[in-house]
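Welcome, and please open your viewer. We will walk from one selection to the next.

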Amino acid sequence: MIYSFEKTDPVKTDFLGVLRQHDVDFELIDHDRSVVRILGSVQNGIGEKLAEVYGGRRRLTVTKEPLDNIYSDFKDRSRISLIAGPCSVESEEQLASIASFIRSKGLRYIRGGAYKPRTSPDSFQGMGMPGLRIISTAAKAAGLKVVSEVMDRSQIDTLVEHADIIQIGSRNMFNYTLLTALGSIDKPVLLKRGMAATVDEWLKAAEYISRGGNNSIILCERGIRTFEPRTRNTLDIAAIHLAKQLSDYPVIADPSHAAGHRDIVIPLAVAAVASGADGIMVEIHPEPDSALSDRDQALSFDRFEKLLQRLDDLHISHK
Ligand code: PEP
Ligand code: MN
């Protein structure tokens with residue numbers, strides 16, 4: 001069970017008092033709100049007491065639209081939202097070049113991982129904090145909003161400071177502690193589908209966030225594992241439609257991690273939009289072959305322009 005409180009609500013103290021008094025374990029997460037996740041099963045009498053105390057809490061001011069209306073931008077059906085940027089933040093020069101390029105193309109969102117979930121511990125693990133500073137500085141200079149991944153609860157404050165949309169990666173979609181924690185922030189969360197998650201599991205993961213009071217969730221289909229080795233993953237086109245049918249959240253697609261190869265990214269992006277995606281997130285790099293992570297799927301600037309041209313030819317509005 002997940003409960004949500006205004007941080008200064010005195011009822012929160014009473015509620016936690018009941019839990020402590022009865023030796024019930026719980027997680028408490030304090031960011032913009034306080035979220036309490038109860039562990040173990042609560043005996044009947046205690047459950048009633050908790051419900052009684054919780055019923056007296058202050059009205060929560062939840063789902064505040066972010067001041068700059070990022071979330072409504074993703075919900076706007078009249079155009080798709082495009083997010084582009086490197087898999088990993090690598091240097092100031094790399095980010096400056098990408099930020100000015102995508103700004104010149106009229107994009108509003110830049111992506112770039114500073115904390116990277118790499119399969120091998122020997123691979124580049126991302127720049128961490130300096131990387132976040134680099135992407136937020138480059139984005140500010142170019143007037144762009146930042147999308148970046150959080151891997152652990154301990155990184156939330158830093159991510160909130162430097163990013164405008166907080167990404168949960170495919171490997172963490174099942175990390176319920178992290179999901180719960182993101183319910184306590186007032187920033188949009190981009191929730192990638194787990195690579196082996198069903199649509200229902202993905203939507204339940206979103207519920208962990210919304211229960212805490214954060215309903216600004218953007219779902220992202222990034223491909224699932226199948227038996228096909230020629231692509232990195234299989235973009236589940238049906239899931240885009242299903243997720244939209246089964247929830248009110250905007251649904252975007254990441255054709256880069258689905259394809260795994262740059263020459264398959266554009267057709268998958270177009271297919272995703274045709275099946276109703278509200279946006280597309282792609283990995284681009286000024287020198288794709290020297291990217292420190294996911295180089296095979298990185299689009300060059302030229303190829304990214306071809307994607308934009310393709311969308312224009314199909315009269316798909318993205319500006
Ligand atoms: C990413 O967006 O760089 C990433 C790690 O993606 P995923 O979690 O989908 O593998
Ligand atoms: Mn990547």
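How far from an oxygen atom of ligand 1 does a polar side-chain atom of arginine 222 lie? Select both: the distance is 2.7 Å, a polar contact (a pair of N or O atoms within 3.5 Å). Taken alone, ligand 1 exposes 300 Å², and the protein buries 97% of that (Shrake-Rupley areas, 1.4 Å probe).

A word on conventions: this is a predicted model, in which local features need pLDDT of at least 70 and side-chain atom pairs pLDDT 80 or more, while totals for chains, interfaces and linings use all residues. Residues are numbered from 1 along each chain as written, chains are lettered from A and ligands numbered from 1 in written order, and side-chain values use heavy atoms, without hydrogens and water.

Next, pick arginine 111, with a side-chain N or O atom 2.8 Å from an oxygen of ligand 1. For arginine 171 that distance is 3.0 Å.

Now show the 13 residues that surround ligand 1 (a heavy atom within 4 Å). Lys116, Ser170 and Lys192 are among the closest.

Finally, select the manganese ion, ligand 2: Cys87 (SG), His257 (NE2), Glu283 (OE) and Asp294 (OD) are its protein donors, at 2.0 to 2.4 Å (donors are N, O and S atoms within 2.8 Å of the metal, or 3.2 Å for Na, K and Ca).

Methods
Polar contact = N/O pair within 3.5 Å; in protein donor to acceptor, adjacent residues only side chain to side chain.
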